[in-house]
Amino acid sequence: MEFFCYHRDRPASEVLRHALLEDHWSYMDRYAKEMIARGPTLTGDRELPTGSVHIVDLPDPAAARAFAFDEPGYQAGMYRDVMLRRWRNLLGRTMWDFHGGREGDDRYLVLGLGSGQPADLVPPPERDELIAYGPLLSDDGDTWLGTAALVRAPDADTARSVLTPDRYADIEVHNWQFGGRPS
């Protein structure tokens, strides 16, 4: 089962985040084989982290909850909230398979928070710029709650356009970059 996990940082948590960075990476190393995508969301100037995105393939919801809530930053109170949802990998690959590579300032997390009938259950035809893409689902996987995408785009408005605007209660766009230990 695939899960989308988004830990959003508390304001002024940069010092704590920095202090826990090695603990965070060591924790995530334990999930290397299950990882589909990972990386921090960033401020508008891309200077400071604002959260952490992890898309993982885990055996069940209990394992996903343990993944999200045993994370060192969560345990230390670094995050203001956590979004944990079932997710379906419509691209069938990991971010490391993305042809565009790790580098570049033009990566975004696009979160469409759903209401009503499901939308965007098929990736857009211009798939070359999609790093990860799939629906956000209820715990049982039966109810569509939105869509999450990691996208390479020249700007936030272009990134937002991967989702159908009038089919969502809200669409959030966050600067994002590939995560993990530096090479």
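Predicted model: local features only at pLDDT ≥ 70, side-chain atom pairs only at ≥ 80, totals over all residues.
A search of the whole structure turns up six aromatic pairs. In one of them, the ring centres of Y27 and Y31 are 5.5 Å apart and the planes stand at 50°, so this pair is tilted. Y27 and Y31 are both buried. Y27 pairs with F67 as well: here the centres lie 6.2 Å apart and the planes are at 35°, so this pair is tilted too. Put together, Y27, Y31 and F67 form a cluster linked by ring pairs.

The charged end of R46 sits over the ring of Y108, 5.3 Å from the ring's centre.

Then there are the nonpolar cores. The largest has 19 residues, and those touching the most other members are F4, I55, W87, L109, L111, L150 and W176. Strands 1 (2-9), 2 (35-42), 3 (49-57), 4 (79-87), 5 (107-114), 6 (130-137) and 7 (144-152) are the elements that each give two or more residues to this core. Strand 6 supplies the largest share, with three residues. Another core, of 16 residues, lies apart from this one and includes L91, A119, Y133 and I171. In soluble globular proteins, nonpolar side chains tend to be buried together.

Terms used. Residues numbered from 1 in each chain as written. Heavy atoms only, no water. Phe/Tyr/Trp six-rings, centres within 6.5 Å; stacked < 30°, edge-to-face > 60°. Buried < 20%, exposed > 50% of the residue type's maximum accessible area, 1.4 Å probe, protein only. Lys NZ or Arg CZ within 6 Å of the ring centre and 35° of its normal. Core = buried A, V, L, I, M, F, W, Y, C linked by side-chain atoms within 4.5 Å. Helix = DSSP H or I, 4+ residues; strand = E, 2+ residues; numbered from the N terminus.
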